[in-house]
Amino acid sequence: MESGGGVELTFLLGLGFQLVLGEFTRRLAEVGYADLRPVHGMAFQALKGRGATATELAERLGVTKQAAGQIVDDLERRGYVRREPHPEGGRRKLVVLTGAAREHLAVAGRILHELEAELAGSADIGALRRELARVVRALHGQDGLPPLRPVW
C-alpha cells in the first residue's frame with residue numbers, strides 16, 4: 001500500500017479522512033472535549049461570525065431542518081450556543097456561538113495545525129491540499145464548496 005496503487009480512490013480518501021479525524025478527535029478528548037463529535041465542530045464552523053438561523057445551519061451542513069434543530073438543542077444544553085432574537089425581527093431566532101464554543105474552536109485549530117505539521121513530516125500536505133481542491137472543483141465547479149454532510 002506504499003504508493004496506494006491499485007487501491008480505489010474513494011477508499012483511500014475515506015481511510016485518510018477516518019484516520020486523520022480519529023486522531024484529531026482523540027487529541028481533542030485528551031484536552032477536555034470528549035463530549036463533542038465532529039458534527040458539532042462542523043456546526044461551530046457554520047455558525048462562526050454573525051451566527052445563523054436553524055434553517056441556514058441546515059443548508060450549510062446539508063442536513064434536514066429537523067436534524068439542525070436537534071444539533072442546536074444539544075449544543076444549547078451543553079452551553080456552546082444560544083438563541084437570540086433575529087436582528088430583522090419576526091419569530092426567527094439567530095443561533096450564535098458562546099465563549100465556550102469559540103474557545104473550543106481556538107483549541108481545535110491549534111490541535112489541527114499541530115497534527116498537519118506532524119503529517120507534513122511524512123507527506124506533502126500542501127500538494128495533497130492543492131490536488132484535493134482541484135478534484136473538488138472538477139466535480140463541484142468553481143462556486144465555493146458544497147456542504148460536507150456529516151454522515152459519520
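I looked up burial first: of the 152 residues in the protein, 28% are buried, where buried means under 20% relative accessible area, exposed over 50% and partly exposed in between, with a 1.4 Å probe and protein chains only. The model is predicted, so I note that local features need pLDDT of at least 70, side-chain atom pairs count only at pLDDT 80 or more, and totals for chains, interfaces and linings use all residues. Residues are numbered from 1 along each chain as its sequence is written, and side-chain values use heavy atoms, with hydrogens and water left out.

I then read off the surface. The protein exposes about 10,000 Å², of which carbon and sulfur atoms supply 57%; the areas come from the Shrake-Rupley method with a 1.4 Å probe.

Next I listed the elements. There are six helices and two strands, in the order α-α-α-α-β-β-α-α from the N terminus. Helices (H or I, at least four residues) and strands (E, at least two) are DSSP runs, numbered from the N terminus. I recorded a C-alpha trace spanning about 55 × 35 × 20 Å along its principal axes.

For contacts (heavy atoms within 4.5 Å), I found that 53% of those with a separation of 6 or more join residues 24 or more positions apart.

Finally I turned to His 40, which lies in helix H2, residues 38–47. His 40 has a relative accessible area of 1% and is therefore buried. Setting aside neighbours within four places in sequence, I noted contacts of His 40 with Asp 35, Asp 74, Leu 75 and Arg 78.
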